[in-house]
Amino acid sequence: VDLQKKYFEASPWKEQIVQHLGDATEIIPSLKEDFDLVFIDADKPNYPIYFHQIMQKLRPGGVILSDNVLWSGKVVEPVKDDDESTKALLEYNRLLAEDERLETVMLPVRDGLTISRRK
């Protein structure tokens, strides 16, 4: 938080930046604004929840950038019973791929990045 705040304060847009700290599954529904751009790089078991919450607020033409979608290759290996993060990422990737409201491209760079645009 302090590192982010340092850069936010240095930005010429600092008056437009609002930082929220806490449980995103509680914060996202409380926000009144709709989204043009969302970057997801958070606790993996909640990715599917974030998807559903964000889609309610994502404007047409809006973009979701999703980090770690390949999860060090674990998403193409047999999943261990106790690996909740990989299970959640598999579900999340399926949601992105099958949702007809989205156009999605996965970039296989590093740990995987997905770019999804709402139609």
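## Surface and overall form

The accessible surface of the protein comes to about 8000 Å², of which 54% belongs to carbon and sulfur atoms (Shrake-Rupley method with a 1.4 Å probe; for residues, only the protein chains shown count as cover). This is a predicted model, in which local features need pLDDT of at least 70 and side-chain atom pairs count only at pLDDT 80 or more, while totals for chains, interfaces and linings use all residues. Residues are numbered from 1 along each chain as its sequence is written, and side-chain values use heavy atoms, with hydrogens and water left out.

Of the 119 residues in the protein, 36% are buried (under 20% relative accessible area, 1.4 Å probe, protein chains only). The C-alpha atoms fill a box of roughly 45 × 35 × 30 Å along the principal axes.

## Secondary structure and sheet

The protein has four helices and four strands (DSSP runs of H or I, at least four residues, and of E, at least two, numbered from the N terminus). Along the sequence they follow the pattern α-α-β-α-β-α-β-β.

The four strands form an open, mixed sheet in the order S1-S2-S4-S3 (two strands pair if DSSP finds at least two bridges between them). S1 and S3 stand at the edges with a single partner strand each, so one side of each has no neighbour in the sheet. S1 and S2 pair in the parallel sense over five bridges, and Phe35 stands opposite Leu58 in S2.

## Helix H4

Helix H4 (residues 84–98) has 15 residues and reaches 21 Å from its first C-alpha to its last, close to the 21 Å expected (1.5 Å times one less than its number of residues). Its buried residues include Leu89, Tyr92 and Leu96. The buried residues of H4 pack against S1, helix H3 (47–55), S2, S3 and S4 (contact means heavy atoms within 4.5 Å).

Note on methods
Buried means under 20% relative accessible area, exposed over 50%, partly exposed in between (1.4 Å probe, protein chains only).
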